[in-house]
Amino acid sequence: MEQFLPSKLLSNAVDQFAKLPGVGRKTALRLVLDLLKRDENTVNAFANSIIELKKNICTCQICGNLSDDKICSICSDNKRDQSTICIVENIRDIIAIEQTSTYKGSYHVLGGLISPIDGVGPSELNIQTLIERVNSQNINEIIFALSTNMEGDTTCFYLSRLLKDKNIKISQIARGVAFGGDLEYTDELTLARSIESRTEYSS
């Protein structure tokens, strides 16, 4: 049964919130009604933060992370080990790993995984910039921290073939992360141990 809403304005706002992932119409309605209870300054601040985010957020020119500037805070931090690159699928994985406070190297965001069945090939991913980094920087180790599923394994294999002649240590996080699991849903302790106990990658 279609949800009854007494106002077109209310309905339009609910429609927009319901477009967000994991937000159904009931949750969207609850969020909108909560905003209506807030004072105008609070609602304006909420709306403006989203608008400013969309207008001004950058993608790091080095690693592909989200950033306020052209180079993200991790790539510009000289206290980080820039000779080690942890390869992740998306920005949510960086957030998950950083929450462990264990890893002190740099990252590279692929923007997805190789998945022929979904029409995603190497050319659709942020792979060329990775090769350029390896060729231009003094990289000692590449860590594969991709989801432990068929697509993740396929991507690791493809990258290992590209990097095999680069004289770089290639490792992957330990299988403390269950097969088929996404990094962002792995608890911090398990993820930290998986990074610390990483093993040499063998294809």
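**Questions along the chain**

Reader: Let me begin with N167: is N167 buried or exposed?
Author: N167 has a relative accessible area of 78%. Residues under 20% count as buried, those over 50% as exposed, and those in between as partly exposed (1.4 Å probe, protein chains only). So N167 is exposed.

Reader: Thanks! What kind of model is this?
Author: Residues are numbered from 1 along each chain as its sequence is written, and side-chain values use heavy atoms, with hydrogens and water left out. Local features need pLDDT of at least 70, side-chain atom pairs count only at pLDDT 80 or more, totals for chains, interfaces and linings use all residues, and the model itself is predicted.

Reader: Which pattern does the protein chain follow along the sequence?
Author: The protein chain has seven helices and seven strands. Helices (H or I, at least four residues) and strands (E, at least two) are DSSP runs, numbered from the N terminus. Read along the sequence, the pattern is α-α-α-β-β-β-α-β-α-β-α-β-α-β.

Reader: And what percentage of the 203 residues of the protein chain count as buried?
Author: Buried again refers to the cut-off on relative accessible area. For the 203 residues of the protein chain, the part that counts as buried is 39%.

Reader: Back to N167: what is its phi near?
Author: N167 lies in the loop between α6 (150-163) and β6 (169-172). In general, most residues other than glycine have a negative phi. N167 is a residue other than glycine with a positive value, near 55 degrees.

Reader: Where is the place of S101, which has a positive phi too?
Author: Phi of S101 is near 55 degrees, in a residue other than glycine. At 53% relative accessibility, S101 counts as exposed. The place of S101 is in the loop between α4 and β4.

Reader: Which side of α4 do the buried residues of that helix lie on?
Author: Helix α4 covers residues 91-98, and its buried residues are D93, I94, A96 and I97. They cover an arc of only 165 degrees around the axis, so they lie on the same side of α4. The arc is that of the directions from the helix axis to the C-beta atoms, and the side of α4 that holds these residues is the same.

Reader: Which residue caps the N-terminal end of α4?
Author: A side-chain oxygen lies 3.1 Å from the backbone nitrogen of R92. A polar contact is a pair of N or O atoms within 3.5 Å; within protein, one must be able to donate a hydrogen and the other to accept it, and residues adjacent in sequence count only if both atoms are side-chain atoms. The residue that caps the end with this oxygen is N90.

Reader: How many residues apart in sequence are the parts that F17 and F46 tie together?
Author: Rings of Phe, Tyr and Trp (its six-membered ring) pair if their centres lie within 6.5 Å; planes under 30 degrees apart count as stacked, over 60 as edge-to-face and the rest as tilted. By this rule the count is two aromatic pairs, and one of them, F17 with F46, is stacked at 6.5 Å centre to centre and 10 degrees between the planes. F17 is in helix α1 (residues 8-18) and F46 in helix α3 (residues 40-56), so the parts that the pair ties together are apart in sequence by 29 residues.

Reader: Is F17 of that pair buried or exposed?
Author: F46 is partly exposed, with a relative accessible area of 39%. F17 has a relative accessible area of 17%, so F17 is buried.

Reader: Which element gives the most to the lining of the largest pocket?
Author: On a 1 Å grid over the protein atoms alone, a pocket is an open set of points where a 1.4 Å probe fits, with protein on both sides within 12 Å along at least five of seven lines; lining residues have an atom within 4 Å of a point. Q16, F17, K19, L20, L35, V43, N44, F46, A47, I50 and I51 line the largest pocket. The elements that give two or more residues to this lining are α1 and α3. With six residues, the element that gives the most is α3.

Reader: What is C-alpha to C-alpha the distance between L146 and I87?
Author: L146 lies in the loop between β5 (141-144) and α6. L146 is buried, with a relative accessible area of 5%. L146 and I87 are 59 residues apart in sequence, and their C-alpha atoms are apart in space by 7.1 Å.
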